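Hi everyone, thanks for coming.

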Amino acid sequence: MIGLTAEGTPLRDASDVAAFARRCLHPAPGDRVGVELEFLVFDRTETAAHVPVARVERALPALPGGSRVTFEPGGQLELSGPPGPLPGTLARLAADVSAVRDALRAAGLVLAGVGLDPLRPARRQLRQPRYDAMAEFLGVPYGPLMMCSTASIQVNLDLGERPALRWRRAHALGPVLLAAFANSPLSGGGAPSGWMSGRQAVWDRLDRTRTAPVPAAGPADNPADAWAEYLLDARLMLVREGQERYRAVLDGSTFRDWLDAGHGRRPTAEDLAYHATTVFPPVRPRGWLEIRYLDAQHPAAWPACVAVTYALVVDDRAAEAAVAAVERLGPYPEWEVAARCGLSDPRLREAAEACFRAALEALPRLGAGPGLAGEVAAFADRHVTTGRSPAADLMDPTPGRPVPAWLNGRP
């Protein structure tokens, strides 16, 4: 995390928070992409059963692409690929996903391509002290759902020479991309929840001081200023009291309150850096951009999601065309509209069509081969042109299907 220090230097005032925020958004040359894929894991013959993390670990193979394997609190499997240029990054991570799918299939397990567990109640498997404090702070029902039942795609992008520009693009296009890749419509035993992205609905209902978007910055504004204010006004989730000891903060105080009045001691630079890891806006700066608003996709369909997101933020011509298309629609739909309606909202569908056209034109410039462009075009034909987010497929009953669509649907 940018700004993390070991010396525990006490912060003087809000100017130190502003300096930290500027470091999070400092220009950094490069157009690399890093991808973190989360998957829910199911037993193919007992879909209502939770799969122990130890069982998944025993089944995992060596990964040819070098991805790092971790687990979320509910046992969700995460593969994090090394950052690099778009084509190579996707190829390496795809090889790892394929290896994991094959190994888990041989063990009777399957990676589910869905953003919210459609069947099983939330149950935490990992009992680390940080997770204990987080669970206490977030409360029920949405804390356990977020920690244990959601899965997403996180796209990490270099800030480039103009971080403010990429920051604004990632936010402006967020609702369109959320709608285009909405893929979590089921919950409570497999019933429709009323949301195309139930995962996003869960995040929206957590503590809004840490999950709402960072307030938009105009072309003349510095987004680092908005990020600093966001960090100051976010409620404290927990305070570290030792190497492996965490105390949940339940009195509603913010980091600004701690800086002004204290929690027994003044916060340090290390406390601020750690606080920044406990806030979860849809776009978070960490010396790179974390795009966090995308639902998990089918294990064979995620490259299209990453490719479109990357192209529309990094490629100037594609970004300009996409943002212009969004601005022509007038007052923009809220994030909640995108999560609830997906591409069934006419304005979101129209904007998505323009965005996908721009991304397809950009991909050859970004080094993508015809295979990846073909995957993006196929996704657009199936979902964008028809106004049917992936979530719509998961709700369609298919006579004779041996397993639910969310467990083994076609990409």
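Let me begin with a question: which residue stands opposite Ala 248 in β9? It is Leu 238. Before I go on, a word on what you are looking at: this is a predicted model, where local features need pLDDT of at least 70, side-chain atom pairs count only at pLDDT 80 or more, and totals for chains, interfaces and linings use all residues. Residues are numbered from 1 along each chain as its sequence is written, and side-chain values use heavy atoms, with hydrogens and water left out.

β8 covers residues 238–242 and β9 covers residues 245–248; the two run antiparallel and are joined by four bridges. Strands pair here if DSSP finds at least two bridges between them. Two residues make up the hairpin from β8 to β9. As for the labels, helices (H or I, at least four residues) and strands (E, at least two) are DSSP runs, numbered from the N terminus.

Is Thr 254 buried or exposed? Its relative accessibility is 13%, so it counts as buried; the cut-offs are under 20% relative accessible area for buried, over 50% for exposed and partly exposed in between, with a 1.4 Å probe and protein chains only. A polar atom of the Thr 254 side chain lies 3.3 Å from the backbone nitrogen of Arg 256. Setting aside neighbours within four places in sequence, Thr 254 contacts Leu 232, Asp 233, Ala 234, Arg 235 and Leu 236, where contact means heavy atoms within 4.5 Å.

Now to another threonine, Thr 209, in helix α9 (residues 208–211). Thr 209 is partly exposed, at a relative accessible area of 28%. Not counting residues up to four places away in sequence, Thr 209 touches Tyr 230, Asp 233, Ala 234 and Arg 235. Its side chain reaches the backbone nitrogen of Arg 235 at 3.0 Å, and a polar contact of 2.9 Å links it to the side chain of Asp 207. By polar contact I mean a pair of N or O atoms within 3.5 Å; within protein, one must be able to donate a hydrogen and the other to accept it, and residues adjacent in sequence count only if both atoms are side-chain atoms.

On to the helices. α4 and α5 have axes that come within 8 Å and cross at roughly 140°. That makes α4 oblique to α5: angles under 35 degrees count as roughly parallel, over 145 as roughly antiparallel, 65 to 115 as roughly perpendicular and the rest as oblique. Tyr 131, Met 134, Ala 135 and Leu 138 of α4 meet Gly 143, Met 146 and Met 147 of α5. In the loop between these two helices is Pro 141, and the peptide bond joining Val 140 and Pro 141 is cis, with omega about 0°. The buried residues of α5 pack against β1 (33–43) and α8 (198–204) as well as α4 (129–138).

My last stop is α14 (residues 316–328) with α16 (residues 346–362), packed at about 170° with axes 9 Å apart. These two are therefore roughly antiparallel. Among the residues making the contact are Ala 318 and Val 326 of α14, and Cys 355 and Ala 362 of α16.

Note on methods. Axes are lines fitted to C-alpha atoms, for helices over the stretch in contact, and angles run from 0 to 180 degrees between N-to-C directions.
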